[in-house]
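Here is a short tour of one protein model. Keep the sequence and the 3D view open as you read.

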Amino acid sequence: MSAPFAGGIRIVHGACHHDCPDTCVWDVHVDERGRAVRLRGNADHPTTRGELCPKVNRFLDRVHHPDRILGPRRRTGPKGSGQYEPITWDDAISEVADRLADVIDRRGGQAILQYSSDGTQGLIQRGVMADRFFDAVGASDVRRHICGVTASMGAADVYALPFGIDPEDLAHSRTIIVWGTNTRLTNRHLWPTIETARRRGATVVVIDPIRTATADAADRFIRIRPGTDVALVLAMIHVLDRDDLIDREWVDNRTDGWDELRASAAAMAPETAAAITGVDADTIVWLAHIYGEQRPAAIRTLIGPEHREHGRDIMRAVAMLPAVTGAWAEKGGGLARSTQIWFETALGLGDSDRPVRRRFNMADLGAVLTGTGPTGTAPDPPIEALVVHNSNPAVICPDQNAVIRGLGRTDLFCVVIEQFITDTARYADIVLPATTQIEHLDLAIAWGHMYLALNQPAIEPRGECLPNTEIFRRLAAAMGLDEPRFADTDEDLVRQLLDFDHEWLTGIDLESLGDRTWQRLAVPEGHHPQIDPPPATDNTSIHLGRLVYRPGSETPDGDPERARRLPLTLMSRKQHPKFLNAGYGGFPEHLPPGGKPTLSIHPDDAGTRAISDGDLVVVYNDRGSLTVTAEISEVVQPGLVTMPFGWWNRHTPEDRAVNALTNARSPDGLGSAAFHENLVEVRRAGSATGRSRRDQDSR
Ligand SMILES: Nc1nc2c(c(=O)[nH]1)N[C@H]1C(S)=C(S)[C@@H](COP(=O)(O)OP(=O)(O)OC[C@H]3O[C@@H](n4cnc5c(=O)[nH]c(N)nc54)[C@H](O)[C@@H]3O)O[C@H]1N2
Ligand SMILES: Nc1nc2c(c(=O)[nH]1)N[C@H]1C(S)=C(S)[C@@H](COP(=O)(O)OP(=O)(O)OC[C@H]3O[C@@H](n4cnc5c(=O)[nH]c(N)nc54)[C@H](O)[C@@H]3O)O[C@H]1N2
Ligand code: SF4
Ligand SMILES: [Mo]
C-alpha cells in the first residue's frame, strides 16, 4: 500500500524476504522520480517495532550495489573464473531453452536438477512458477531439508503436528530456557519479549556449547558438550521424577509411553549425565527444579541442535519436557518453536496435487554432481543440467570440495538466477539477473511470529532484472509450455495462495493485506496448541517412549579412533550480525572487523599446539583444509573449535570456506547436514607435519 507523503515522497510497505524468523515489515520511501531513498522498519508492526537489523538497515545499498548484475550474462572464461559477457534476454532464454531441450531429448527431464532454497522466503518468488516449470519438464528436484525439517520431525515424533506456542506468549513466562538458539543474533526481534518476561521476574537460562551473545545476556548459561542434550533431558526427567515434579495427572491423561521414558530416565542419574554432557550434577538438579517449579515455564528453540547426525533425537527429547510437567497448560508455558506450521496449515501449503519427481537431498549436491550419489552409486540418469535459484550451494552446502568439483564439470550445463556473481554463479554457463525484494510483489510468511505480510514492489526493476516468476514464464514459453497456469501474473499467484478455505485466513485477502500490509493469522481465542485441539497423533496422546543418547558417528564419543587423529570438534554457526547465511559474505561493508574468517580455539588447545592469538593456522580433516587466523577464546570449550558460516570463498588462500570441512552426513536420513559434527585438527601454518600432509593426500 503506498501513501503520499510530504515533499513528494511515497511510502511503500513491504516485508523482508530473508530466511530469518523475524519477517520484518518495512517502509520504503520513494521519491518523485521513483527512486528508493530510505528504508525503515515499520513502527506499527508488533514485532518489527520500527527497527530492522544490522544486515538489512542498508538494504538499499545492496539494491544499488555496483556489483549487482543488471542483465543476462554468458560465461567467457573457464568455470569458476567469474568472467562473463553481457547477452540479451532473448539470446539468454533461447540458449537455456535449447540446452535444456537437448538434455531432455537425450537423457529425459530427470537429467535436469532444480536446486533452490530459501534465498527468498516470499512464497511467490521462492518458487511457485519455477515449480510449475520444472514439474512440466519432469526435472529432478531437491528435498529442501537443509534447515528446519529435522527439528520439526523431532517435535512431530512427540506431537504429530509440531505446533508450539505463540512466541509472543513468552512475555508471560517465569522460566525461559533458550535451548540451542542464539536469539539475540538470529531472532533478534524476539529478545524484547524475553526482556519483558524478565522485567516481570522471569529467569532466562541458555543451553549452548558456545558462549553466545544470548548466553552473555542470560541469567544463567549452561555450557553443554555438543550433541549431548538427550542425556541432559533424561537427567532432568530423572530429577523431576525423583523429586515429585512430574504432573502425573497430565501424564496419565494426555500421554503414552511414560513408563518407557521413565525407565530411560532412571538409567540417567545427574552424575551419569554430567560425565556425558559436561554439565555438573548440581546444575542439572537446579535446572530440573526451576523448570518444574518456577512456572509458567517455556522452552524456546529453533534449529541449532538439528544440524547433527542425531539432531532429531535432541529435538524430540526437548519436546517431551513440557509434556511431563504439564507446562503447556499455562499461558507462557510449553514449547515455543518455529511458527511456520501455522502458515502452512492456514494456506494449505502441504496439500498438493503436484507430480512426484526424483529428489535428492540438498546436502548431497557434491555427491550427486560428481556421480558418486548419496549411496555411493551414480544417479541414473546423471545430472547434465543444473538450474539454481534462491541459493548459493557453492558456499552453503557441506563437503564443499565435492560441490565445487561437481560445479566445475565441463559437461554440466549450469544456469544460476541471482542478483550477484556469487561463488555459485562463478560456475554458471548463463547467469540470469533477478530482482530484489523492493522490485517485486510477494507474500511473506514467518517462522518467528504469527503475522502474514504483503510485500509491495516499491521501485521498477533495476536494469534488465526480472522476478524469478517472469524468468520461468519466459522459459516456459520458449520451451513450448503454453498451459494457462504459465500466464498467471504475480498478483494472480498471491490470490491463488490466499484462496484457501481455512478459518485462520478469515478476513485476509489481497485487498485487506493491501490496506494493512500485515495481518495476524485469525487463530481463534482459546485455541491452545497440544491441548485444545489435542495432539494430532493417532490416539490424540502425546507420544513419549524410550529415549536414548546416541553419539554421532563423527564425534569423539562416536569414533574414538578417528578422534585420535583429528581430536577437535568443529562447529560452524551463524556468527556475524551483518551476515544472513551466505547473502552478504562477499560484501566488504558487511564483513566483521579484520575482514577475514577466524577460528576460535580454547586457550588449552592453542597452548598444546603452540598457537598464539592472531597466528595463521591450518584447519584440516579428510575432506579439506583451510588457512585462517586463530582467535584464542573462552567462548568455546576445550576440544571445540568454531568457524563462522557465510563467508564467501575468496577470503582464504584455498578459495574455500568452512563447508570445505563439514560433514554431508544427513541427520537420521532426513536430508539436512551434520554441519556441527566434524572432527578436525589444527596446526600453525608453516609448521608442517607429515601427518597433515598424509591426511590431505588421502582426500
Ligand atoms: N544474523 C543472522 N541471523 C540469522 C541467520 C544468519 O545467517 N545470520 N540465519 C537465519 C537462519 S537460515 C536460521 S535457520 C536461523 C537459525 O537460528 P538458530 O536456531 O538460533 O540456529 P544457529 O544459529 O544455527 O544455532 C543456534 C545455537 O545452537 C547451538 N548448538 C549447536 N549444536 C548444539 C547442541 O548440540 N546443543 C545445544 N544445546 N546447542 C547447540 C549453537 O552453538 C548456536 O549458538 O537464524 C536465522 N537468522
Ligand atoms: N556450515 C554451515 N552451513 C550452513 C549453515 C550453518 O549454520 N553452517 N546453515 C544452513 C542453513 S540453516 C541454511 S537455511 C542454508 C542457507 O542456504 P541458502 O538459502 O542457499 O543461503 P542464502 O545465503 O540465504 O541465499 C542464497 C541466495 O539467494 C539469493 N536471492 C535472494 N533473493 C532472491 C530472489 O528473489 N531471486 C533469486 N533468484 N535469488 C535470490 C541471494 O542473493 C543469495 O545469494 O545454509 C545452510 N548451511
Ligand atoms: S533479516 Fe530478519 S531481522 Fe533483519 S530485517 Fe529481515 S526479517 Fe528483520
Ligand atoms: Mo536456516
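## Ligand 1

An oxygen atom of ligand 1 sits 3.1 Å from a polar backbone atom of glycine 180. That is a polar contact (a pair of N or O atoms within 3.5 Å; within protein, one must be able to donate a hydrogen and the other to accept it, and residues adjacent in sequence count only if both atoms are side-chain atoms).

A residue is near a molecule or strand if one of its heavy atoms lies within 4 Å of it.

## How the model was read

This is a predicted model: local features need pLDDT of at least 70, side-chain atom pairs count only at pLDDT 80 or more, and totals for chains, interfaces and linings use all residues. Residues are numbered from 1 along each chain as its sequence is written, chains are lettered from A and ligands numbered from 1 in the order in which they are written, and side-chain values use heavy atoms, with hydrogens and water left out.

## Ligand 2

Ligand 2 is surrounded by 32 residues, the closest being Ser391, Glu418, Ser572, Ala582 and Asn659. An N or O atom in the side chain of asparagine 659 is 2.8 Å from a nitrogen atom of the ligand. Isoleucine 396 places a polar backbone atom 2.9 Å from a nitrogen atom of ligand 2. For asparagine 581, an N or O atom in the side chain is 3.3 Å from an oxygen atom of ligand 2.

Two packed helices are described by the angle between their axes and the distance between the axes. Axes are lines fitted to C-alpha atoms, for helices over the stretch in contact, and angles run from 0 to 180 degrees between N-to-C directions. Helices (H or I, at least four residues) and strands (E, at least two) are DSSP runs, numbered from the N terminus.

Helix H8 (residues 229–242) packs against helix H13 (residues 311–325) at about 15°, with the axes 8 Å apart. The two are therefore roughly parallel. Angles under 35 degrees count as roughly parallel, over 145 as roughly antiparallel, 65 to 115 as roughly perpendicular and the rest as oblique. The contact (heavy atoms within 4.5 Å) includes Val233 and Ile237 of H8, and Ala317 and Leu321 of H13. H8 also packs against helix H11 (residues 270–277), at about 165° and with axes 9 Å apart. That makes H8 roughly antiparallel to H11.

## Helices H3 and H18

Helix H3 (residues 123–137) and helix H18 (residues 468–478) pack at about 10°, their axes 8 Å apart. So H3 runs roughly parallel to H18. Among the contact residues are Met129 and Phe133 of H3, with Phe472 and Leu475 of H18.

## Backbone details

Which type of peptide bond links arginine 295 to proline 296? It is cis, with omega near 0°. Proline 296 is in the loop between helix H12 (281–293) and strand E13 (297–300). The bond from aspartate 380 to proline 381 is cis too, with omega near 0°. Proline 381 belongs to the loop between helix H15 (365–369) and strand E16 (385–389).

Threonine 517 is not a glycine, yet it has a positive phi of about 70°. Its place is in the loop between helix H20 (510–516) and strand E21 (518–520).
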